Structures are given as structure tokens and as C-alpha cells.
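Q: Hi! Could we go through this complex together? I'd like to start with the secondary structure.

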Amino acid sequence: MTSEIILQAIVTGLMMGLIYALIAAGLSLIFGLMDIVNFAHGEHLMLSMFSSFWLWSLFGIDPIFSIPITILLMAICGILTHYFLIRYILKAKMLIQICATFGLSIFIRSIAQLLWTPDFRNVENPLLEGRLEIGSVFIGQPQLIASLVCLVAFIALYLFVTKTETGLALQATAQDRHAAEILGIPSNKMFAIGWAIGLGCVGIAGGMMANYFFIFTDVGINFALFAFVAVALGGFGSIIGCLYAGIIIGLVESLGGLLIDPSFKLLYVFAIYLLVVIYKPQGLFGRY
Amino acid sequence: MNDKLLTAQAEPLWNTDKKIISLIAGIVLLLFALPHLGLNSFYLHLMIMIFMHAVMAQSWNVIAGFSGQISLGHGAFFGIGAYATSFFYVQYGISPWISIFFGIIFSGIAAVLIGIPMLRLSGHYFAIATLLIGISFQVVFQRWDLVGAASGLWVPMTSGDSWLALQFHTSKMPYYYVFLVFFLITFYLVWILSRSKLGFRLRAVRDDPQAALSLCINVSNYKIIAYVISAMIMAPMGSLFAQYILIIDPDRVFNIEISIIVLLITVLGGIGNVWGPLLGAAILIPISEYSRIYLGGTGGAVDLILYGLILMLICVFRPDGLISFVPKNILERKKQR
């Protein structure tokens with residue numbers, strides 16, 4: 001166990017963590033806005049990876065260039081989700097909200113299985129390939145670019161939410177829907193925007209991961225679980241918390257896999273979740 | 001109003017309508033007679049699946065419907081039950097009749113251990129935590145060599161039908177009766193629970209934890225009690241299912257699909273209602289089996305598509321489940337004064 005291997009694990013963990021952070025940010029934004037946990041988040045990630053894959057396989061667009069299209073598609077998907085499902089369950093009991101998005105996740109996943117079969121696919125010969133060697137650490141180029149893009153997107157999202165007028169309106173709606181409505185902020189429109197942005201984030205993460213990750217219908221499950229953990233860890237509704245939480249999860253996953261036993265990777269992350277929510281139920285940066 | 005207050009008293013258990021009692025008795029007799037009415041083994045299988053899923057959904061109903069905690073990893077207790085009987089039979093030759101109770105005890109203990117730290121969480125945190133727990137069980141059992149790791153356990157077949165080993169190879173009829181008896185016992189017990197003091201306290205915890213606390217109801221204790229009861233109802237179904245198919249592996253008995261289907265059945269039938277799970281199972285299981293027969297077989301997950309669609313439709317249009325179509329006074333079985 002040399003220091004190089006540990007350094008390698010840290011770098012890998014950091015890169016994965018930034019991707020988890022962006023996925024979790026989308027989830028957190030939606031939760032903060034309307035108190036609904038999107039249990040179909042992993043399936044939305046899967047859809048964005050598939051969108052990237054099909055744009056490559058049918059039209060020959062490299063995943064790196066199809067990112068804008070994927071973001072657009074996912075934003076539309078978010079608005080449709082809001083319009084056809086979420087709109088109706090806003091006032092329902094929490095149980096019903098959980099069941100509805102859970103139902104959506106089963107629905108999307110099994111439709112995808114029916115249409116595209118559960119085969120593993122990957123994008124062959126993407127523009128981003130190969131690896132860099134810095135000192136003794138190997139960094140896959142697509143992974144590096146993906147995590148950097150996710151970081152940039154994350155910062156952009158943060159600035160959008162905290163600095164722009166629409167972002168502030170989103171925050172106002174998140175804090176008090178009715179008060180915001182009195183001030184002339186249409187909450188329904190804000191919810192639709194929230195869904196569009198939340199799933200747009202997933203679109204970026206999915207599109208970037210399509211460069212190097214296997215694409216299959218169950219791919220979203222693990223990412224969604226990590227996103228749930230990241231959101232709870234960072235504090236439900238806190239976007240900046242997601243960044244730290246995502247990085248923590250990435251590091252725990254890769255270091256735990258290296259130092260203890262890689263087959264129990266999931267369990268280390270779950271253990272972190274349980275410890276945090278038991279001792280600090282509002283999460284690291286939670287508002288509640 | 002005053003009259004009512006004066007005559008009000010604790011409701012006795014059997015203060016029910018004669019008509020409904022005789023209706024229920026008739027249905028039970030019919031269920032016992034059913035295998036002799038010339039059902040082929042497919043229909044017996046269908047009935048067995050309905051009984052099994054009704055009990056599994058009832059188990060989920062106790063924790064989610066009565067005490068209001070949404071567990072998304074209930075498959076874990078099913079798996080514990082399945083592994084308890086199979087493991088003790090394979091390793092030590094202990095009859096499943098005894099190890100069913102081991103399964104119940106183990107899953108009760110597991111529920112206490114999981115419940116004590118986790119039931120302090122509420123709402124989304126608890127739901128996500130149980131989702132993670134359910135998957136953790138699958139991951140652990142996939143790698144646990146003592147119980148056969150990922151390849152699971154094969155229950156050695158007896159040469160013929162055996163009540164002692166709970167294996168029947170010639171006919172599904174004995175399985176039918178075993179499942180039926182467990183189904184009736186469970187529903188009877190949960191029905192009593194729902195009318196008992198404990199049941200009312202659980203519902204108080206669900207509806208308003210703070211008000212319940214102010215009435216000296218220890219909220220987290222009652223949540224744990226509900227969780228343990230729920231786990232103990234789930235485990236025997238796992239055991240019986242293992243005896244029914246005689247081969248278990250982590251991907252089958254800890255599958256997240258089990259956690260999904262119990263939730264789906266309960267929400268479809270009517271959550272928080274004793275009869276909801278039965279209604280849900282009686283509707284959903286035939287749909288599922290028939291869609292597998294006519295639409296499956298190509299690797300497509302048509303039954304899952306239906307599950308997802310039904311779940312969303314119910315949540316949007318009938319959040320109280322299909323049982324809410326039935327008039328209330330029939331369900332509550334109170335004497336109308």
C-alpha cells in the first residue's frame with residue numbers, strides 16, 4: 001500500500017465526487033423548492049445517458065457536442081414530469097408523493113428496458129479518450145473533463161440560484177410558496193423552472209458520463225442512491241452542501257474500496273449516511 | 001349528543017354486523033373448499049400468490065399505514081425469513097416448521113436493531129435509509145459464503161411429499177392450505193391490532209406525533225413496535241416462499257421488486273385499511289401473472305410498466321386506494337345507531 005495508490009484513489013474519488021455533487025444538486029434543488037424527493041432521479045440520469053448515446057449512434061454526434069441537446073431534452077423532460085405528474089401531487093400526503101415518484105421511476109426504467117433491452121452499451125471512439133500521467137497518478141481524460149464540466153456547471157448553478165432574479169424567485173418560492181405568490185411570483189412556473197434546471201443538471205452529468213461509462217437501463221440506481229445520500233448529507237435543500245457531500249461520498253467510496261474491501265463500497269457510503277442523519281439530522285448544511 | 005356520550009363505551013371486538021360476520025364466514029369456507037372445485041394448478045398458484053402478497057402488503061401496511069413510516073426496504077425481512085428456513089434445513093436438517101419461528105425471531109431482532117437508530121428519523125430520511133438498508137442486505141448476502149453467497153441455497157428435495165419438510169411435489173394443494181392458514185391468521189391478528197389500543201396509538205403517532213407525545217404516547221417506542229410487528233409478519237412469507245420454490249438466492253429474495261410490490265399493492269388497495277392489502281393483491285396479482293403470460297417472455301418488463309403506471313394513476317386520482325370506493329359504514333362495521 002504505497003502513497004501513490006492512495007493518491008490515485010483520492011484523485012479518482014474527487015473526480016467521481018464532483019459528478020455525484022452535480023446529480024445531487026439537481027435533486028436538492030427540486031426538494032428545496034417543493035418538498036418532493038424525486039425518486040426517479042436515477043432514471044432521469046439513465047435517460048440523459050441514453051439520449052447522449054442515441055445522438056451518437058444515430059446521428060454521429062460526439063457526446064461532448066451533444067451536451068446542449070441533452071440538457072434541452074432533459075429540461076423538457078423535467079417540465080413534462082412536472083406538468084403530467086408532480087402538479088397533481090403537490091398537496092398530497094408525503095407518502096403519496098413518495099409513491100408517485102417511485103412509480104415514475106419503475107415506469108421509466110421498465111419502458112426503457114422494453115424499448116432498448118437491458119444490454120450494456122458504450123460510445124465507441126469518443127473524442128475524449130486516453131489518460132494523462134501526472135507524476136505517478138493516472139487520470140482518465142474523459143473522467144477529468146467530465147468532473148471539470150460538472151464543477152463548472154455546479155458553480156454556474158450556484159451563481160444562478162443566488163445571484164439572478166429568477167434564482168432569487170426560486171429561493172423565495174422554496175421558502176414560502178404563498179408569500180412568494182402574493183409578491184407576484186407564480187409558483188407553478190417556478191416549479192416548472194426548478195424541474196427543468198434540476199433535470200438539466202442531470203443532463204450534463206449523464207451526457208459527460210456517456211463518454212466513458214457503460215450505458216444500460218439500471219445504470220441510474222447506484223447514482224441515485226448516492227445522490228440521495230449526498231442530499232441528506234449536505235442537508236435537504238442546500239445546494240452548496242451537495243458539493244461537499246458529493247466529494248465526501250466520492251472519497252469514501254474510493255478510499256473505502258481501496259483500504260477495506262471493494263465489494264462493500266455501497267455499504268461504506270450507507271454507513272456515512274446513517275451516521276450523519278442520526279447524529280445531525282439536518283445534514284451538514286441543512287436549513288431544517 | 002348527550003345520549004351518545006352517556007352510552008359510549010369501549011367497543012367490544014365482536015360488536016359487528018351479523019350479515020358481515022356470516023359473509024366473512026362464507027368466504028372463508030369457500031376459500032377452504034376452493035381447491036376441491038376443480039381448479040387447475042395455475043389457478044392454485046394464482047391464489048397462493050394472492051395470499052402471499054396480501055400478507056406481505058399487510059406487513060407493509062402495519063408500518064406505513066398504521067404508524068406512517070414509509071419503509072422502502074421491506075424485502076429485507078422477506079429475505080431473512082427465506083434464508084432462515086432454507087439455511088437451517090440445509091445445514092442442520094431442522095424442519096421448516098420450527099425454523100419459520102427462527103425467521104420470525106431473527107427478523108424481529110433485525111427490526112429492533114434497525115429500528116432503534118432509524119426510527120428517530122422521519123419522513124424522507126427514513127424512507128431513504130430503509131431503501132439503503134434493503135440494498136445493503138442484498139449486498140451482504142451476495143457475499144456471505146456461509147449462506148451460499150451469490151449462488152444462494154438449494155433446498156434438498158425430499159423423495160415424496162412431506163409435511164415435516166414442508167415440501168410437496170405432486171400437487172400445489174397442501175401449499176394452498178398452508179398459505180391460506182397463514183393468510184387468515186395474519187389478517188385476523190392485524191384486524192384485532194387495528195381495533196386495539198395499540199392500533200389507535202399507532203394511528204395517533206401517524207396523524208399527529210406531537211399531539212400523541214402530549215398524551216404520553218412514546219412516539220419512537222410505538223414506531224419501533226410497529227416496525228417489529230411488521231417485520232415479523234413479513235418473515236414467514238419469505239420462509240413459505242422459499243419452501244414453495246425450493247431455491248433461493250440473494251437476487252430473488254432480497255430483490256428491491258419485493259419492496260416495490262408490497263408498497264404498490266397497499267397503495268392500490270388502500271393504505272391504512274386492514275382490507276386494502278387484500279383488495280390490492282386480489283387485483284394486482286392476476287394482472288401481473290396474466291401480463292407475464294401474454295405479454296412477457298421477450299425480456300420486456302411489461303408487468304413493471306403496468307406497476308409504475310398504476311402506482312402513478314392511483315397517487316394522482318385515488319390517493320386513498322380502491323377501497324375508498326366501498327362505503328365507509330360497511331368497512332368500519334360499527335352498529336349504526
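A: Happy to! Chain B comes to 15 helices and two strands, where helices (H or I, at least four residues) and strands (E, at least two) are DSSP runs, numbered from the N terminus.

Q: What kind of model is this, and how are things numbered?
A: This is a predicted model, in which local features need pLDDT of at least 70, side-chain atom pairs count only at pLDDT 80 or more, and totals for chains, interfaces and linings use all residues. Residues are numbered from 1 along each chain as its sequence is written, while chains are lettered from A and ligands numbered from 1 in the order in which they are written.

Q: What is the mean pLDDT of chain B?
A: The mean is 80, and 90% of the residues of chain B reach 70 or more; pLDDT is the predictor's confidence in each residue, from 0 to 100. For the complex, the predictor gives an ipTM of 0.82 and a pTM of 0.84.

Q: What radius of gyration does chain B have?
A: Chain B has 20 Å, which agrees with the value near 20 Å for a compact globule of 337 residues. The radius is taken over C-alpha atoms, and the globule rule is 2.2 Å times the number of residues to the power 0.38. The C-alpha trace of chain B spans about 70 × 50 × 40 Å along its principal axes.

Q: And chain A?
A: Chain A has eleven helices and two strands, running α-α-α-α-β-β-α-α-α-α-α-α-α from the N terminus on. Its C-alpha trace spans about 60 × 50 × 35 Å along the principal axes.

Q: Switching to the interface, how many residues of chain A are in contact with chain B?
A: 36 residues of chain A are in contact with 34 residues of chain B, a contact being two residues whose C-beta atoms, placed from the backbone, lie within 7 Å. On the chain A side, the elements giving two or more residues are helix 3 (63-89), helix 4 (94-116), helix 9 (220-234) and helix 11 (265-279).

Q: Which one gives the largest share?
A: Helix 4 of chain A, with 15 residues. By class, the side of chain A that touches chain B has 30 nonpolar, five polar and one charged residues. Here Ala, Val, Leu, Ile, Met, Phe, Trp, Tyr, Cys and Pro count as nonpolar, Asp, Glu, Lys and Arg as charged, and the others, Gly among them, as polar.

Q: How does helix 3 of chain A pack with helix 14 of chain B?
A: Helix 3 of chain A and helix 14 (residues 302-317) of chain B pack at an angle of about 45°, with their axes 8 Å apart. Axes are lines fitted to C-alpha atoms, for helices over the stretch in contact, and angles run from 0 to 180 degrees between N-to-C directions. The two helices are therefore oblique to each other: angles under 35 degrees count as roughly parallel, over 145 as roughly antiparallel, 65 to 115 as roughly perpendicular and the rest as oblique.

Q: Which residues meet there?
A: L85(A), Y88(A) and I89(A) in helix 3 of chain A meet M312(B), C315(B) and V316(B) in helix 14 of chain B. That contact has six nonpolar, no polar and no charged residues.

Q: Back inside chain B, what does helix 12 meet in helix 14?
A: I260(B), L264(B), V267(B) and L268(B) of helix 12 of chain B meet Y307(B), I310(B), L311(B) and I314(B) of helix 14 of chain B. This contact divides into eight nonpolar, no polar and no charged residues.
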